[in-house]
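I opened a new notebook page for this structure.

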Amino acid sequence: SEYAASFAGGNYASRNIVAMNEAIAVNKETTYNQESFSTYMKTVENDKLLDGSFKNFRHKSKEGGLDTIAFGHKLTKKENKNNKVYQYDLSEINSSTSPERILEISNDILRQDLEKTEKILITTHGNKFINLDDRRKQMLIDMQFNVRNFDKPEIFKNFKKALFAGDEEGMKKEYTRVFTDKKGQVKSLARNKFFKKYFLDK
């Protein structure tokens, strides 16, 4: 698979936000590869886990509902009931689990999540998605992974239109994501600044 090389056995605990910012500074033509994108996704989804705080493997979701594990995998009702995600039994992940194993599992869950996400985009957009450059593909993968119902035509309609048209200014106007917290307050996602810096700043 496309993601296997950048996830299999990779220990990214030493890669923190500073490292990601340094990677972003590299010429954009060489930045948009699977390894840098996986580091970006891990940073925006769970930088504490990426930086070695393994107690953050499982945490409360900011928007409420069921817990989130690893790098942005929100548990479904079935997963929560069975305590299992893909081939992994979550009851086996505890304080005695080695950091290397926790990171290995987290990396693999994200790899499978992103492969599933890309398949949704291919099903939804077909050749329009397949023929995009890597940067715009990754923008859509990030959005599809993070935004509820992103595959629906009316969700981020103007952003999608600008992206498929290659309209840079349009994308800059329409990329911002918000969420409603448990108190009903609408807040901007912290990942917006990383998205802008990684994908849109030139």
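**Surface and overall make-up**

I looked up the surface first. The protein chain exposes about 11,100 Å², and carbon and sulfur atoms supply 48% of that area. I note that this is a predicted model.

Next I checked the secondary structure. I found 11 helices and seven strands in the protein chain. The protein chain has 202 residues, and 46% of them are buried.

I then turned to contacts along the sequence. Among contacts with a separation of 6 or more, 57% join residues 24 or more positions apart.

**The core**

I looked up the largest nonpolar core and found 43 residues in it. Tyr-40, Phe-159 and Phe-195 have the most contacts inside this core. Helices H4, H6, H8, H9 and H11 are the elements that give two or more residues to it. H6 (99-125) gives the most, with seven residues.

**Glu-79**

Where is Glu-79 found? I placed Glu-79 in helix H5, residues 77-82.

I checked its charge partners. Glu-79 is buried yet has no salt bridge. Lys-116 is the nearest side chain of opposite charge, 5.8 Å away.

What does the side chain of Glu-79 reach? I found the backbone nitrogen of Thr-76, at 3.0 Å. Not counting residues up to four places away in sequence, Glu-79 touches His-73, Lys-74, Lys-84 and Val-85.

How values were computed: Residues are numbered from 1 along each chain as its sequence is written. This is a predicted model: local features need pLDDT of at least 70, side-chain atom pairs count only at pLDDT 80 or more; totals for chains, interfaces and linings use all residues. Side-chain values use heavy atoms; hydrogens and water are left out. Helices (H or I, at least four residues) and strands (E, at least two) are DSSP runs, numbered from the N terminus. Buried means under 20% relative accessible area, exposed over 50%, partly exposed in between (1.4 Å probe, protein chains only). Lys and Arg count as positive and Asp and Glu as negative; His and the chain ends are not counted. A salt bridge is a side-chain nitrogen of Lys or Arg within 4 Å of a carboxyl oxygen of Asp or Glu. A polar contact is a pair of N or O atoms within 3.5 Å; within protein, one must be able to donate a hydrogen and the other to accept it, and residues adjacent in sequence count only if both atoms are side-chain atoms. Contact means heavy atoms within 4.5 Å. A nonpolar core is a set of buried Ala, Val, Leu, Ile, Met, Phe, Trp, Tyr and Cys residues joined through side-chain atoms within 4.5 Å. Accessible areas come from the Shrake-Rupley method with a 1.4 Å probe; for residues, only the protein chains shown count as cover.
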